[in-house]
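Visitor: I would like to go through some of the labels attached to this model. Please set each value against its cut-off.

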Amino acid sequence: MLTFMRFSAAAALLLSTSGAFAATCRDPAGFDKWLGDIRNEAAAQGISLEAIRAGLSGVTFDPSVIGKDRGQGVFKQSFEQFSGRMVSPYRLRMGASLLKKHAGILSRIEDRYGVPAEILVAIWGLESDFGAVKGNMATIRSVATLAYDCRRTEMFQAQLFDALRIVQHGDLTPGEMRGAWAGELGQTQFMPSSYVKYAVDFDSDGRADLLRSPADVLASTANYLKSHGWQRGADWSPGAPNFETLREWNKSTVYSRTVGYFASRLTQGREARVGQ
């Protein structure tokens, strides 16, 4: 659910001279020197030395991440093409099965956050095939690499510090934090800063685990949507307020329409089964 931003050269210069961050992107002294400055800045922000040591120990620059970042293409598929590929018979069957399996949890989540089960299951399926495909790249290394690069320094330095806060809070260890190449984590692909702000320990085991706990995954996704304006009981079709909330999850109109379409198909399927 990552939304990318570009910074102008003037903004980058302002950032480097304002003291907002101690570390300078693409430091001429190299990545290790930059990482030392990041350690100092993390400590100045109140992140524990234990979390800093655990999170940044052995972290190296990953040129493959920069290659993936530079190689992003513009989303060109139509809604018909994308939804036809992504809302497959398998995902519809699996989604229906998971709606039934987690009915109790989903009902409690809807009671608390107002987000329907079908929307949450649709996002779950589209983001990671219901947790089957989460990515296997080291999150801290990925966001550190993107923070060291000068294209979106401020954004990814913030993500790096929040990744360390996840470690400090005890939700995940650095070794557990593996996901997509840009730092997305878990079964619905939260960036570290979203993890810190919106992750919920819904199963009450003492930590918000968006890698393994369906209850935490679904509740956290609902919390994100509610926090971005989801209206209980309102429509999610294009033009409706809840559609704009889906676009807060992913700015792509095609993607947001596909979430709504998937959810509607799941709703129709459930209603048909009830009516039989």
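Visitor: Why is Thr267 called buried?

Guide: In this predicted model, Thr267 has a relative accessible area of 19%. Buried means under 20%, so Thr267 counts as buried.

Visitor: Where does Thr267 lie, and which residues is Thr267 in contact with, leaving aside neighbours within four places in sequence?

Guide: Thr267 is part of helix H14, residues 253-275. With those neighbours left aside, Thr267 is in contact with Glu118 and Trp236.

Visitor: What makes Asn242 a buried residue?

Guide: Its relative accessibility is 0%. The limit for buried is under 20%, and Asn242 therefore counts as buried. Asn242 belongs to helix H13, which spans residues 241-249. Leaving aside neighbours within four places in sequence, its contacts are Gly229, Trp230, Gln231, Ala234, Asp235 and Trp236.

Visitor: Which residues of H2 and H10 meet, and how do they divide by class?

Guide: From H2 come Trp34, Ile38, Glu41 and Ala42, and from H10 Gln157, Leu160, Phe161 and Leu164. By class, this contact has six nonpolar, one polar and one charged residues.

Visitor: What does Cys25 touch, not counting residues up to four places away in sequence?

Guide: Cys25 sits in the loop between helix H1 (9-18) and H2. Not counting residues up to four places away, Cys25 touches Trp34, Ala147, Tyr148, Asp149, Cys150 and Thr153. Of these, Asp149 is 124 residues from Cys25 along the chain, yet their C-alpha atoms are separated by 5.7 Å.

Visitor: What is noted about the phi of Phe130 and of Gln189?

Guide: For Phe130, phi is near 60 degrees, a positive value in a residue other than glycine. For Gln189, phi is also near 60 degrees, again positive in a residue other than glycine. Phe130 is in the loop between helix H8 (117-128) and strand E1 (137-138). Gln189 is in the loop between strand E2 (178-179) and helix H11 (192-198).

Visitor: Are Phe130 and Gln189 buried or exposed?

Guide: Buried means under 20% relative accessible area. Phe130 has 9%, so Phe130 is buried. Gln189 has 7% relative accessibility and therefore counts as buried.

Visitor: How much of the chain is buried, and what is its secondary structure?

Guide: Of the 276 residues in the chain, 51% are buried. The secondary structure comes to 14 helices and two strands. Among contacts between residues at least 6 apart in sequence, 71% join residues at least 24 apart.

Visitor: What pLDDT does the chain average, and where is the pLDDT below 50?

Guide: The average pLDDT is 91, and 89% of the residues score at least 70. Over residues 2-20 the pLDDT is below 50. Beyond near neighbours in sequence, that stretch has 26 contacts in the model.

Notes
Residues are numbered from 1 along each chain as its sequence is written. This is a predicted model: local features need pLDDT of at least 70, side-chain atom pairs count only at pLDDT 80 or more; totals for chains, interfaces and linings use all residues. Side-chain values use heavy atoms; hydrogens and water are left out. Contact means heavy atoms within 4.5 Å. Ala, Val, Leu, Ile, Met, Phe, Trp, Tyr, Cys and Pro count as nonpolar, Asp, Glu, Lys and Arg as charged, and the others, Gly among them, as polar. pLDDT is the predictor's confidence in each residue, from 0 to 100. Buried means under 20% relative accessible area, exposed over 50%, partly exposed in between (1.4 Å probe, protein chains only).
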